[in-house]
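Please look through the structure below with an eye to how a few side chains are placed, and then follow the paragraphs that come after it.

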Amino acid sequence: MLVDLRLADEAVRAAAFSADLPRIVVATQEQASVVAAIGGSRVLVAASADPAELGPLVERSLPRTASERTKVITLTAARGGTGRTLCAANLARRLAADRTVIALDGTGTGALAWWLGADARPWAELEALAGELRAEHVELVATTVTSRLSVVGGAPAMPSADALVTTTAAARELADVVLIDAPLLGDERARAACAGSDRTFVFSYADAASRASLAAADVPAAAWIVGAQGPLDEAFRSLPRDERSVAEALRDRGRIGGALGRAYDDLAELLAIDAT
């Protein structure tokens with residue numbers, strides 16, 4: 001509420017409004033002294049109605065609402081073969097450069113651990129604890145990749161939706177970022193993972209069949225659509241087709257370079273900002 005005490009009857013008019021409403025008062029030096037003497041933490045005083053002076057006071061009077069930082073990121077797709085796991089592994093490596101990361105393989109294939117150069121223990125070791133899983137249990141079964149990166153979940157079976165959800169909640173307590181390589185959107189595990197995530201990536205090709213699958217899928221409202229191997233009109237980001245870089249990475253299960261690597265760098269940078 002803006003009150004210009006230099007105008008007649010402004011104080012009387014302002015008194016009709018709730019005392020809890022923040023006030024910015026424009027006052028002469030003498031009036032400002034009176035306001036200061038009365039006190040009031042929700043009253044800010046300006047010497048003029050100049051926008052350059054009022055603007056910072058308006059900003060100071062606004063309620064402070066701290067946005068939640070992103071901790072859990074789920075990668076899923078409307079159909080298979082979109083490069084979701086490859087992206088998850090490369091984002092995990094990049095984000096782990098300066099923060100702790102736990103990567104969860106919700107597919108049960110062991111592919112995520114393979115790309116990270118690790119041999120992850122099977123989900124069966126956590127499945128029996130799904131109802132009472134704690135952070136220390138995840139610590140025990142997590143496979144270390146680097147000092148800041150570990151992976152949970154290996155072949156030969158997928159986790160139950162309950163096990164994936166409880167493992168994710170426990171991993172939140174251990175790491176700065178939790179990355180979930182989830183099954184396709186239609187799977188209950190993917191739906192559960194998306195529901196508990198702060199950020200969701202949905203991968204899709206641009207061909208007609210992929211578009212139809214994407215249109216029919218229950219895509220989370222705030223999901224980032226990622227075009228796989230080429231432009232996709234509705235995509236938040238599109239990844240380039242870069243078979244040479246993928247082939248080079250396959251030899252040593254290393255970090256992707258080239259044009260695709262630069263696209264991963266871009267995504268990782270956005271997530272790093274999102275995670276602060």
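Which backbone oxygen does the side chain of Arg94 reach? The model is a predicted one, in which local features need pLDDT of at least 70 and side-chain atom pairs count only at pLDDT 80 or more, whereas totals for chains, interfaces and linings use all residues. Residues are numbered from 1 along each chain as its sequence is written, and side-chain values use heavy atoms, with hydrogens and water left out.

The side chain of Arg94 reaches the backbone oxygen of Ile256 at 2.9 Å, which falls under the definition of a polar contact (a pair of N or O atoms within 3.5 Å, where within protein one must be able to donate a hydrogen and the other to accept it, and where residues adjacent in sequence count only if both atoms are side-chain atoms). Arg94 itself belongs to helix H4, residues 84-95; helices are DSSP runs of H or I with at least four residues, strands are runs of E with at least two, and both are numbered from the N terminus. With a relative accessible area of 8%, Arg94 is buried, a term that stands for under 20%, with exposed over 50% and partly exposed in between, for a 1.4 Å probe and protein chains only. Once its neighbours within four places in sequence are left aside, Arg94 is in contact (heavy atoms within 4.5 Å) with Arg255, Ile256, Gly261, Tyr264, Asp265 and Ala268.

A pair of aromatic rings is described by the distance of the centres and the angle of the planes. Here rings of Phe, Tyr and Trp (its six-membered ring) pair if their centres lie within 6.5 Å, and planes under 30 degrees apart count as stacked, over 60 as edge-to-face and the rest as tilted. A search of the whole structure finds 3 such pairs. One of them joins Phe201 and Trp224, stacked at 5.3 Å centre to centre with 20° between the planes; this pair links distant parts of the chain, since Phe201 lies in strand S9 (residues 199-204) and Trp224 in strand S10 (residues 224-227), 23 residues apart. The rings of Trp224 and Phe236 have centres 4.3 Å apart and planes at 20°, so this pair is stacked, and Phe236 sits in the loop between S10 and strand S11 (237-238), 12 residues from Trp224.
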